[in-house]
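Dear colleague,

I am handing over the structure below for your records.

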Amino acid sequence: MSSEFGRNIRISVFGQSHGEAIGVLVDGLPAGERIDLDALQAFMERRAPGRAKTATSRKEPDEVRIVSGLVDGKTCAAPLCGIIFNTNTRSQDYAELLDKPRPAHADFTAWKKWGGAADMRGGGHFSGRLTAPLCIAGGICLQILENRGITVGAHIERIAGVCDSRFDPVGLTAEMLKNPGSKPFAVIDDAAGEAMQRAILDAAAQKDSVGGIIEIGAVGLPAGLGAPMFDGVENRLAQALFGIPAVKGVEFGEGFDVAGLRGSENNDPFRMENGQIVTDTNHAGGILGGITSGMPLIARIAIKPTPSIAQEQNTVSLSRGENAILAVHGRHDPCIVPRAVPVAEAVCAAVILDLILD
């Protein structure tokens, strides 16, 4: 099933943006884990729409209803199912898109693959709305990891060319990881965050959109997770991270910048510290040969500008087979990067917990 990932923990996302409900089925969670549903709901609030001036005006409560898998607040070995009911849909805003596919969106490829049978209202199963169920699963995994001394966090590294500070790849702590997510706008440098928000609002005023980069970190990981070649930590993380709508690139450590370095610059020298083997630098992002080294795990994802913009764009009429003009109406994020930060944390937490259960 294309909407499922994981090996020891199987996570299956279901629903459509304008369907009755969206949700997730999580099978394989460790039994006996206490889950704080209030903390899970607070985590969901970070992703929910209609909470900021830089986001879509579609307002959804995103209240999670757990219908199986928990007894007295603890996982009970049964598959856990979480559901969110959609309450604020305006499908009429998407009527034109059934015939005129949005450039850079899945409207055309879905039409080609399924002959027009796919439900594309609000983007259907391709919508960023489907990241809410990912946050249910990942939010639970985050809590289980915390109980094991592992912390995952993320921040907005860049939007529209405005850059935030980066995580310290060597001295990263749990507090540093959690701090951005405790803010209304998840950055390390608040001044950079204000500049990013101005850039988003400027793009929106011009009926346009912007993209950006999210940096993700994890600390407390033991050395030795993962395997070489096709089952490495990068492999499994990248596969899941690319499942987040709009992600167009994934890199670890220095990523593509290593191509411009010499070996003497890129190598991370080993040393002993308090009886543990550590490295002076962390260009590798905490992964060597697909296996965790015990240093902080660092990854970044590139997110494209939102395809749904109000500017006129060239497209085609699928029914008439001729060129057409499209200006997208309705409620859309001028930048989805801020709301994608908790999604990145959720996906990474789910993969890391899955790796630990190997």
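In the pairing of two helices, Val233, Arg236, Leu237, Ala240 and Leu241 of α6 meet Ala344, Val347, Cys348, Val351, Asp354 and Leu355 of α8, contact being heavy atoms within 4.5 Å. These contact residues comprise nine nonpolar, no polar and two charged; Ala, Val, Leu, Ile, Met, Phe, Trp, Tyr, Cys and Pro count as nonpolar, Asp, Glu, Lys and Arg as charged, and the others, Gly among them, as polar.

The model is predicted: local features need pLDDT of at least 70 and side-chain atom pairs pLDDT 80 or more, while totals for chains, interfaces and linings use all residues. Residues are numbered from 1 along each chain as its sequence is written, and side-chain values use heavy atoms, with hydrogens and water left out.

Helix α6 spans residues 233-241 and helix α8 residues 337-356; they pack at about 140°, with axes 10 Å apart. That angle makes α6 oblique to α8 (under 35 degrees is roughly parallel, over 145 roughly antiparallel, 65 to 115 roughly perpendicular, and the rest oblique).

As to the cysteines, the count of disulfides is zero, a disulfide being a pair of cysteine sulfur atoms within 2.5 Å. Cys141 is in no disulfide, and its nearest cysteine sulfur, that of Cys135, is 11 Å away. Cys141 is buried, at 0% relative accessibility, whereas Cys163 is partly exposed at 42% (buried is under 20% relative accessible area, exposed over 50%, partly exposed in between, with a 1.4 Å probe and protein chains only). For Cys163, the closest cysteine sulfur, in Cys335, is 13 Å away, too far for a bond.

Yours sincerely

Note on methods: Axes fitted to C-alpha atoms, helices over the stretch in contact; angles between N-to-C directions. Helix = DSSP H or I, 4+ residues; strand = E, 2+ residues; numbered from the N terminus.
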